[in-house]
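Hi,

Here is the structure I said I would pass on. Have a look through it first, and then read my notes below.

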Amino acid sequence: MSHGRLILLAAGTLLVLAGVTLAAMTEQGLISYRVAAARHGGAVLDLGSNGLPQAAYQGYMVRVTGPIRVDESPLDVQFNQQASTPVLLRHVEMFQWHTLDMGGPPVYEQDWEDHPVNSRHFTPGHANPARFPVQSREFDAGRVRVGAFVLSRVIQRALPGSQPVTPDAQSLPPNLAASFSLHDGALVTSAQPGHPRIGDLRVSWQAVPLQTVTIVARLDGNRLVPAADAPDGKGYDVEVGNQSLLAIFPDLPVPPEFVWPRRLMAILLTALGIGLLLVYGQRSWLRVLGLSLTVSVASVCAVSGVLWLRSSIEPTAIWFGVAIIGAGLAVLLSRRHPHD
């Protein structure tokens, strides 16, 4: 075998290995990313801050980011309090007796508590009311958006953060205005707010702030909803600020970039290598070119199909289908020129 023939065989073999390796690395990177993403509901389309709920995105997990917008503010009807927030929280406390465990006889103190303290076993003179006349509650906005996307109730209630809302005492209904007064950012029933008595109420409100958030959830129409089939049992995530997908899900591997250019490069490298293996002694350059491309497509697609075999049926079928077509074309080209 001549020295030139050996060089062609070595170069061709290296190029084929390089092309097949590039194809395998690309598909394996995609498979690893898809398997990890499936734990959170599936692969995520990054729509950023300007994305729209297009038909092609339906059913996919998407990442959107932007400021929270409230179209219909929540209203606490009982106290006639309203705020521009996704969720308005009413917090009710009562001034009550409670005990401290000091290792001896019970020590009684008075303080604000957000639940009824059972005083049936307290010594005389330390009785608490049996129940709260007003309860703590949450009030949801009618519609909350991030960009062009409407948040489902679950995701709306998962929005992070809390800030105090000073109530408007002038908006109280007459029956409550006679009992409550504004003190230190809350409504109280104390005749002397600085010196509350047992049974006095203190009602305050908290609001989820209108801030920039990043949401990963499933797209259903124009709504962002949890992925009910996500193995992680949650199917969505909400973070403050403009957060990258890898910051939200640090267990995700970095997916390969430029997937289709890498796939095409793998086919071209493999085809060039096969061409060098076939070119020695051939008279028809067209035959070499055709065989190189068809055998390259068949080889690269077969390798890709094998890698996807354990992960997903659809891409496996596509890769093997293209591989069969490439192999069939290669056989036809070979039969048409049996003596070249």
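A quick definition before the strands come up: two strands count as paired if DSSP finds at least two bridges between them. One more thing to keep in mind is that this is a predicted model.

Let's start with strand β5, which covers residues 87-100. Of its 14 residues, 10 are buried, so β5 is largely enclosed by the rest of the structure.

Which strands does β5 pair with? One of them is β6 (residues 107-113): the two run antiparallel and are joined by seven bridges. If you want a spot to check, M94 has E113 of β6 as its bridge partner. The hairpin of β5 and β6 has six residues between the strands, and in it G103 takes a positive phi near 85°.

Another partner is β13 (residues 201-207), again antiparallel to β5, with seven bridges. There, L88 is bridged to A207 of β13. Then there is β7, residues 137-140, which pairs with β5 in the antiparallel sense over four bridges. Look for V87 here, as D140 of β7 stands opposite.

Now the helices. I'd begin with α6 (residues 285-308), whose axis comes within 9 Å of the axis of α1 (residues 3-38), crossing at roughly 25°. Angles under 35 degrees count as roughly parallel, and that makes α1 roughly parallel to α6. The crossing of these two is right-handed. On the α1 side the contact includes V20, A23, L30 and I31, along with E27 and R34, while α6 brings V300, V303, S304, L307 and W308. Sorted by class, the contact of α1 with α6 has nine nonpolar, two polar and two charged residues.

How do α5 and α6 cross, left-handed or right-handed? That crossing is right-handed. The axes of α5 (residues 259-279) and α6 come within 8 Å and cross at roughly 135°, and the two helices are therefore oblique to each other. Among the α5 residues in this contact are A266, I267, I274 and L278, and among those of α6 are W285, V288, L291 and V300. The contact of α5 with α6 divides into 13 nonpolar, four polar and no charged residues.

Cheers

Methods:
Residues are numbered from 1 along each chain as its sequence is written. This is a predicted model: local features need pLDDT of at least 70, side-chain atom pairs count only at pLDDT 80 or more; totals for chains, interfaces and linings use all residues. Side-chain values use heavy atoms; hydrogens and water are left out. Axes are lines fitted to C-alpha atoms, for helices over the stretch in contact, and angles run from 0 to 180 degrees between N-to-C directions. Angles under 35 degrees count as roughly parallel, over 145 as roughly antiparallel, 65 to 115 as roughly perpendicular and the rest as oblique. A crossing is left-handed if the near helix is turned anticlockwise from the far one by less than a right angle, and right-handed if clockwise. Contact means heavy atoms within 4.5 Å. Ala, Val, Leu, Ile, Met, Phe, Trp, Tyr, Cys and Pro count as nonpolar, Asp, Glu, Lys and Arg as charged, and the others, Gly among them, as polar. Buried means under 20% relative accessible area, exposed over 50%, partly exposed in between (1.4 Å probe, protein chains only).
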